[in-house]
Amino acid sequence: MASVSDISVSAAINLLSALAFLLAFAFLRLQPINDRVYFPKWYLKGIRASPRSSGPFMKKFVNLDIRMYLKFWTWMPAALRMPQPELIDHAGLDSAVYIRIYLLGLKIFVPIAILGFAVLVPVNWTGKTLEHIHNLTFSNIDKLSISNVPSGSERLWAHLLMAYTFSFWTCYILYKEFKIVSTLRLHFLASEGRRPDQFTVLVRNVPPDPDESVSEHVEHFFCVNHPDHYLSHQVVYNANKLAKLVEKKKSYQNWHTYYQTKYERNPKKKPTTKTGFWGLWGKTVDAIDYYTAEIEKLSEEEATERERVMSDPKAIIPAAFVSFKSRWGAAVCAQTQQSSNPTIWLTEWAPEPRDVHWANLAIPYVGLTIRRLLVAVVLFFLTFFFMIPIAFVQSMANIEGIEKVLPFLKPLIEAKTVKSVIQGFLPGIALKIFLILLPTILVTMSKIEGFTSLSSLDRRSAAKYHLFLLVNVFFGSIITGAAFEQLQSFLKQAPTEIPKTAGVAIPMKATFFITYIMVDGWAGIAAEILRLVPLVMFHLKNTFLVKTEQDREDAMDPGSINFSTSEPRIQLYFLLGLVYSVVTPILLPFIIIFFAFAYVVFRHQIINVYDQKYESGAKFWPDVHRRIIVALVISQLLLMGLLSTKKAANSTPLLIVLPVLTIWFHLFCKGRFESAFVKFPLQDAMVKDTLERATEPNLNLKAYLHDAYIHPVFKCVQLDKPKAVDDEENNPLVATKRNSRRDSKTGSDGIPETSV
């Protein structure tokens with residue numbers, strides 16, 4: 001178990017690492033050659049000009065102004081200076097609300113930490129019960145926890161009172177923040193400019209019709225059922241194979257540019273490559289000729305596949321993006337059931353065009369349930385088997401416990417410095433390493449589930465990652481850690497005594513989580529602002545691939561907030577803070593430092609670096625609120641279990657009320673605010689439509705929407721896509737192949753079919 005000296009060593013290592021990252025960032029960001037790495041957002045907006053465009057040659061690469069280096073810390077106050085309305089206009093509501101999660105952490109935990117240190121720390125320190133328990137491994141930090149309070153002591157009433165206080169305070173802050181964010185969202189939706197997704201609905205599971213194509217069937221259905229509001233539609237093509245060919249061709253073009261540049265710099269030596277996997281083996285050939293031939297071959301395959309997709313009716317899937325003449329019409333369609341059969345003509349708000357995950361639109365709707373069931377089974381086994389590395393990490397964190405049973409290891413790890421590094425730093429970094437590949441696996445699983453927008457993929461992946469961190473990192477670390485710490489007691493005690501030992505040992509895992517917070521939350525956040533990988537990749541691309549200013553802009557990698565991984569990580573800190581606020585308050589300052597530091601860093605990144613892939617209007621906030629509620633309920637249940645092991649018979653039953661009140665509070669907030677994140681009010685839609693008609697009476701909405709939802713691989717190609725009927729506004733019936741044939745048989749005067 002990590003002692004105070006081990007924690008001090010870990011703190012020193014992580015503080016020095018964070019300081020080194022920050023100093024490196026402060027130096028690198030001032031160099032003109034790195035300007036596009038640390039300020040790409042301003043370049044994408046067309047506001048910032050490269051400092052290398054003018055001036056002496058040396059100044060194009062190195063900043064020679066000594067005064068700038070003396071103000072290396074000014075990026076911090078600059079990050080806090082931009083007001084929230086301006087931040088929303090600059091970066092979007094998603095980004096502005098995301099950093100409010102860190103602010104929420106400060107609002108919750110700063111008052112809790114003050115109360116905890118004023119009330120609970122003195123109560124715990126003066127308990128002096130750990131010194132009288134034999135065969136129990138503990139440190140001075142554990143003396144500040146509830147474990148140091150005697151069983152059945154009247155002191156436990158202080159913990160009960162603080163549990164109620166902390167819970168009520170957390171709920172109050174959550175309510176205020178939910179209200180603020182819902183207001184921000186409604187205001188954002190009401191005030192944002194015109195966007196294609198405001199007028200468009202995604203329709204899935206279009207039923208087959210023997211007499212009409214998918215395009216004709218969609219047009220007929222919506223002209224009949226939405227005659228006054230339907231404008232146009234765009235069918236969805238299964239262009240996944242074509243998209244892969246386009247991507248592969250782009251990759252080969254980059255390699256061709258690389259070898260061409262290399263040859264131009266050294267004409268005496270022709271570059272070569274191998275035709276095998278990744279150029280590692282196979283026949284050695286001329287690199288330029290090889291990639292030229294491969295690009296020509298791919299261009300032919302691309303043209304053939306493009307022609308097939310555009311001409312083959314089977315390439316059109318039973319889904320479409322349907323656009324309406326008003327936001328009101330789109331809102332009615334998106335938020336109502338279209339057919340008496342609830343499994344067909346399924347409508348939902350279309351994602352904004354850059355948010356569409358085109359590959360998943362080709363997945364048949366009937367297969368989604370099976371896919372999600374299979375992914376749930378895989379997630380269960382992945383979570384279960386990941387307990388093995390978690391147990392390994394905990395074995396490193398609890399050397400003293402293992403030494404009691406395996407004394408032959410004692411000489412190897414007894415050296416004080418080595419022991420401090422192993423216990424204070426290694427467990428946190430080992431857990432961080434084990435978690436590196438996990439987000440990629442979970443995102444892939446979410447893609448398999450068939451979600452049609454990047455934002456929904458991120459939210460679904462975040463849910464999986466949160467569950468994983470909750471089960472494995474939190475509960476797994478506590479359970480396996482308690483077993484390792486008290487291994488001798490677990491092996492020798494009677495079964496009836498094991499719950500008591502575990503109940504006392506659970507608070508002692510605070511030392512492990514402190515080391516993890518310092519590794520992930522201090523050094524990890526500092527590494528985020530340094531952007532070492534984008535820095536190296538930009539200069540490699542700039543050296544070998546860039547020939548024009550457009551190439552240089554493409555070489556920038558501004559990145560974005562990775563919500564699928566970053567939000568669950570934040571939730572782990574909320575969970576740790578709420579669980580240990582009553583049990584071991586000494587952990588709270590480490591969490592507060594994380595929230596404060598991360599708030600400044602990510603505010604800077606959002607202002608200067610990140611370019612978000614989509615804008616959902618803070619649709620993720622109900623998930624944030626719900627997960628904090630889950631953390632609060634878990635903290636209450638764990639405290640209830642812990643007090644039951646300490647023979648607090650009078651106070652423990654009073655805790656039963658807390659989870660009930662917390663769940664009621666969650667249901668109240670859900671009913672009060674969540675609809676703002678799910679539905680768009682018809683009143684607001686009508687207001688925006690009326691204002692737009694008054695200010696832009698000649699707006700050609702059809703021209704504005706005509707190519708908004710075309711697959712990206714067709715953007716540069718003239719596509720004969722279905723067009724809306726202009727003269728159907730006053731006619732609720734639309735001619736189809738069915739009624740045209742029927743009318744010709746009866747000899748009636750039918751309506752001629754409009755070309756689409």
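**Exercises on helix packing, salt bridges and burial**

Helix α8 passes helix α27 in a right-handed crossing. A crossing is right-handed if the near helix is turned clockwise from the far one by less than a right angle, and left-handed if anticlockwise. Helices are DSSP runs of H or I with at least four residues, strands are runs of E with at least two, and both are numbered from the N terminus.

The model is predicted, so local features need pLDDT of at least 70 and side-chain atom pairs count only at pLDDT 80 or more, while totals for chains, interfaces and linings use all residues. Residues are numbered from 1 along each chain as its sequence is written, and side-chain values use heavy atoms, with hydrogens and water left out.

**Exercise 1. Helix packing**

Describe how α27 packs with α8 and with α28.

*Solution.* 
Step 1. Two packed helices are described by the angle between their axes and by the distance between those axes. Here axes are lines fitted to C-alpha atoms, for helices over the stretch in contact, and angles between N-to-C directions run from 0 to 180 degrees.

Step 2. The axes of α8 (residues 156-191) and α27 (residues 563-583) come within 9 Å, and they cross at roughly 150 degrees. For this reason α8 is roughly antiparallel to α27. Angles over 145 degrees count as roughly antiparallel, under 35 as roughly parallel, 65 to 115 as roughly perpendicular, and the rest as oblique.

Step 3. Between α27 and α28 the angle is about 155 degrees and the axes are 10 Å apart. These two helices are therefore roughly antiparallel as well. The crossing of α27 past α28 is left-handed.

Step 4. Helix α28 spans residues 588-608 and contains tyrosine 599. Tyrosine 599 counts as buried because its relative accessibility is 16%; buried means under 20% relative accessible area, exposed over 50%, and partly exposed in between (1.4 Å probe, protein chains only). Tyrosine 599 and isoleucine 525 are 74 residues apart in sequence, with their C-alpha atoms 9.9 Å apart in space.

**Exercise 2. Salt bridges**

State how many salt bridges the structure holds, and examine the one between glutamate 294 and lysine 297.

*Solution.* 
Step 1. A salt bridge requires a side-chain nitrogen of Lys or Arg within 4 Å of a carboxyl oxygen of Asp or Glu. The structure holds 21 of them.

Step 2. In the bridge between glutamate 294 and lysine 297, the closest N and O atoms are 3.6 Å apart. Glutamate 294 is buried, at 16% relative accessible area, whereas lysine 297 is partly exposed, at 44%.

Step 3. Arginine 308 and aspartate 312 form another bridge, at 3.5 Å from N to O. Arginine 308 is partly exposed at 36% relative accessibility, and aspartate 312 is partly exposed at 22%. Elsewhere, salt bridges with shared partners join Glu192, Arg195, Asp197, Glu352 and Arg354 into one network.

Step 4. Glutamate 192 is buried at 13% relative accessibility, and arginine 195 is buried at 17%.

**Exercise 3. A nonpolar patch**

Which residues form the nonpolar patch on the surface, and which helix gives the most to the patch?

*Solution.* 
Step 1. Patch residues have over 30% relative accessible area and no salt bridge; nonpolar side chains (Val, Leu, Ile, Met, Phe, Trp, Tyr) are joined within 5 Å and like charges within 9 Å.

Step 2. The members are Leu373, Val377, Phe380, Phe381, Phe384, Phe385 and Ile388, with about 770 Å² of accessible area together.

Step 3. Helix α14 (residues 368-385) gives the most, with 6 residues. Phenylalanine 380 lies in α14 and counts as exposed, at 53% relative accessibility.

**Exercise 4. Positive phi in loops**

Locate asparagine 205 and arginine 531, and give the phi of asparagine 205 and of arginine 531.

*Solution.* 
Step 1. Most residues other than glycine have a negative phi.

Step 2. Asparagine 205 sits in the loop between β1 (200-204) and α9 (214-225). Its phi is positive, about 60 degrees, although asparagine 205 is not a glycine. Asparagine 205 is buried, at 17% relative accessible area.

Step 3. Arginine 531 sits in the loop between α24 (510-530) and α25 (532-544). Its phi is positive too, near 55 degrees. Arginine 531 is buried, at 7% relative accessibility.

Methods
Areas by Shrake-Rupley, 256 points an atom, 1.4 Å probe, with all protein chains shown as cover.
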